[in-house]
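Please consider the sequence and model shown here.

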Amino acid sequence: MKVGIFGAGQLGRMLGQAGARLGMEFRFMDPAAEIAARGLGEHICAAYEDVDALERFVQGLDVATYEFENVPYDSVRWVAGRVPVHPSPDVLRTAQDRLFEKNFFQKHSIPVPPYGAVFFHDEYRELVQTIGFPLVVKTRRFGYDGKGQRVARNDKEAERAWEDLHGLPLLLEGHVPFDRELSLLAVRGKAGECRFYPLVENHHREGILRLSRAPARDVTPELQSLAEEHGRRLLEAVDYVGVLAIEFFQRGEELLANEMAPRVHNSGHWTIEGAETSQFENHLRAIAGMELGSTAPKGVSAMVNLIGKHPDTARREGLPHAHWHHYGKSPRPGRKLGHATLVRDAWELLEEDLPSLLEIAEAFL
Ligand code: AMP
C-alpha cells in the first residue's frame, strides 16, 4: 500500500511512523526542504500548485491524504481525479474557511456561538452591534494556533481589531464564556463504521495548545454521548473516511462547536501511547480500507507540547513514565518542536508527575 501525504510536518512524521508498522510506504509532498517526516518516505519538494510535481506525486499511489488544512483545494481536487483522496476535498474546502465550517455545524444541528461574515466596514459595524460584546474577530482563512484573531470587549477594541485584520474576509462570533475546551477525535472507515476516542480536555496559552488530558476529567456519559452524536452526524453527512477532530467549548452540559480539522490532530497525540490504537494508525487504517482499531484508552494520559525551545534532556530522567517525541525541527518562538505524553493507571499518579513535566516543557498555563 503506497500512501501519498500532502505535508511532511510532525503529523506526516507520526503518520509515517504508524504506517511503517502496517507495512505501508509513503510519499510526501511539501515545499519545505527541511521536513519533520524525513527518512519516512520519498519527499517531493515542490510547490503544491506545481502540476509536474503533482504528476510525480500521484504515480503509483493507492490513496492520498493531507496532514494540514491549508493545502490548496485545487491541488487536492486534481489529485482526487487520479487517486482516491480521504478525507474528501469537499470536506477540506469546508474546513479551510471558518464561515463554511460554522455553516456546516449549523446545518447539522450542532450548536455554535452567534456568528456572521463581513468584508466591509459598515457591515462590520452592523454585525458588531448585532452580536454584542465581548466578541471574537477572526480571519475566515489561514488562521491557526490563534493567529489572525482578536477579542473585542468594546467599540475601541472592535475598531482596533478592524485596523489589524481588515482587507481579508472576516468572521465575527460571540465570545463564549466556556467552562473548558474539549475535543473529540472521531474516525470513520470506508464501510461506514465509526469509532470515537474519549473526550480530551485542552488547555491553550496564546492560542497554542499546551496541555491535553485524556480522557477529560469529570465527563458524564451523557456528555460523551452528546459529543459522539455530533461527531457521527458530521461523519455520516459527508461519507467521511479518516480521522476528524472537532473542538468544542463546554458550558455546563452543553457543547458548542468551535472548529474542526479533517485530519489527525495535536489533541490526539496522547493516543500513541495512551490508547489501544493511535489516531495515526486509525487514520491510515480508515483510508486504506482496513478494519479500525480499538479507541479505548489504556489508562490516563497527559500530553504536553514542547514549544519554542528544546527541553533540557538531562531532566527527562526524573520522569520514567513520560514518552518523548522530538520532530527534528530547529527552535523558533511559538514553534511546536515536540511533545511528551505521560500515561499512568490513575489520575493521582499522573498528577504526581505532571507538574515536573510542565516545568521541563516550560508549559506555563
Ligand atoms: P481557534 O483558532 O478558533 O481554535 O481559536 C483559538 C483559541 O481561541 C480557542 O482554542 C479558544 O481558546 C479561543 N477562542 C476562539 N474562539 C472563541 C470564542 N468564540 N469564544 C471564546 N474563546 C474563543
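The sections below take these topics in turn.

## Domain organisation

The structure is a predicted model. The domain assignment of the protein divides it into domain 1 (2-85), domain 2 (114-174) and domain 3 (180-361). Taken over C-alpha atoms, the centres of domain 2 and domain 3 lie 29 Å apart.

## Nonpolar cores

The largest nonpolar core comprises 35 residues, and Val3, Phe26, Trp270, Phe280 and Leu284 have the most contacts inside it. At least two residues of this core come from each of several elements, namely strands S1 (2-6), S2 (25-29), S9 (180-188), S12 (208-214) and S13 (242-251), together with helices H1 (10-20) and H10 (279-287). Domain 1 (2-85) and domain 3 (180-361) each contribute at least three residues to this core.

Apart from neighbours within four places in sequence, Val3 is in contact with Met24, Glu25, Phe26, Arg27, Leu61, Val63, Thr65, Leu284 and Ile287.

## Cysteines and disulfides

A disulfide is a covalent bond between the sulfur atoms of two cysteines. With a cut-off of 2.5 Å between the sulfur atoms, the number of disulfides in the model is zero.

Cys194, at 15% relative accessibility, counts as buried, because buried means under 20%.

Definitions and conventions: Residues numbered from 1 in each chain as written. Predicted model: local features only at pLDDT ≥ 70, side-chain atom pairs only at ≥ 80, totals over all residues. Heavy atoms only, no water. Domains from an automatic or database assignment. Core = buried A, V, L, I, M, F, W, Y, C linked by side-chain atoms within 4.5 Å. Buried < 20%, exposed > 50% of the residue type's maximum accessible area, 1.4 Å probe, protein only. Helix = DSSP H or I, 4+ residues; strand = E, 2+ residues; numbered from the N terminus. Contact = heavy atoms within 4.5 Å.
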